Amino acid sequence: MFEVQIKINCPHCQSSKVVKNGKKKNGSQNLLCRNCQKQFQPIYRYRGADPTTKRLIRRLLERNNGVRDIEKLLEVSRKCVLSNLCRQGNALKIQPTQKHYRSVQIDEVWSFVGKRKKGKYWLLYAYCPQTDEVLAYSCGGRSAKTVRQLLKKLKGVEIEQYCTDHWKAFAQVIPRQSTR
Ligand SMILES: [Zn+2]
């Protein structure tokens, strides 16, 4: 008889001080990291819930990888990619790769619950369909402030045309036509 031991490191802090911590409702083993006190599971049923996947999504976004590519490579949904943006508050550093974009879509997602704030948390993001790239994003209330925050991040980038659904806050802040 022999036993196979598999060492699992914490996906949050990479510590090896990991102990069993009961079972989840769905029957899967729950683990606890003695170092950072975070809980995790050895195998995630939903790939998007895996902290390693979450980290990869953030890295790929920061390196301006296409959203469609991220979905394909990591086998996650667009909702999962976007919710990872939202969870970052405004901490993720995304720099547009080009100086000039012909058309940029401003989209909004509002169904995610932010960590710090209770209730609905809005994610606003600038997306270029041609390059499939998220150029910038902004999180907060559904207000002109959040729009301004987004546009501030797009400073230094020439955008010929913004496409967006009609929304008051945009009308107040977004330049009517080309900025030039
Ligand atoms: Zn840890």
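Colleague: Which residues does the UniProt annotation "domain: InsA N-terminal zinc ribbon" cover?

Modeller: In the unreviewed UniProt entry that annotation covers residues 6–37, and please keep in mind that what you are looking at is a predicted model. Over residues 6–37 the chain is 34% strand and 0% helix, with the end C-alpha atoms 20 Å apart.

Colleague: And which protein donors does the zinc ion have?

Modeller: The donors are the SG atoms of C10, C13, C33 and C36, which lie 2.3 to 2.4 Å from the zinc ion, and along the chain they follow the spacing C-x2-C-x19-C-x2-C. C13 sits in the segment before β1 (18–23) while C33 belongs to strand β2 (residues 29–33), so this pair ties together parts that are 20 residues apart in sequence.

Colleague: Why is the arrangement tetrahedral?

Modeller: The 4 donor atoms subtend angles of 105 to 117° around the zinc ion, and four donors count as tetrahedral if all angles lie between 85 and 135 degrees. For reference, the ideal angle for four tetrahedral donors is 109.5 degrees.

Colleague: Is C33 buried or exposed?

Modeller: C33 is buried, its relative accessible area being 0%, whereas C13 counts as partly exposed at 28% relative accessibility.

Colleague: Changing topic, how many helices and strands are in the protein?

Modeller: The protein has 5 helices and 7 strands, which read along the sequence as β-β-β-α-α-α-β-β-β-α-β-α. Of its 180 residues, 40% count as buried, and the protein exposes about 12000 Å², with carbon and sulfur atoms supplying 48% of that area.

Methods. Residues are numbered from 1 along each chain as its sequence is written. This is a predicted model: local features need pLDDT of at least 70, side-chain atom pairs count only at pLDDT 80 or more; totals for chains, interfaces and linings use all residues. Side-chain values use heavy atoms; hydrogens and water are left out. UniProt positions are given in the numbering used here, feature names are shortened, and annotations may be inferred rather than shown by experiment. Helices (H or I, at least four residues) and strands (E, at least two) are DSSP runs, numbered from the N terminus. Donors are N, O and S atoms within 2.8 Å of the metal (3.2 Å for Na, K and Ca); water is not among the atoms, so sites may look incomplete. Four donors count as tetrahedral if all angles lie between 85 and 135 degrees; four count as square planar and six as octahedral if opposite donors are over 155 degrees apart and all others between 65 and 115; anything else is irregular. Buried means under 20% relative accessible area, exposed over 50%, partly exposed in between (1.4 Å probe, protein chains only). Accessible areas come from the Shrake-Rupley method with a 1.4 Å probe; for residues, only the protein chains shown count as cover.
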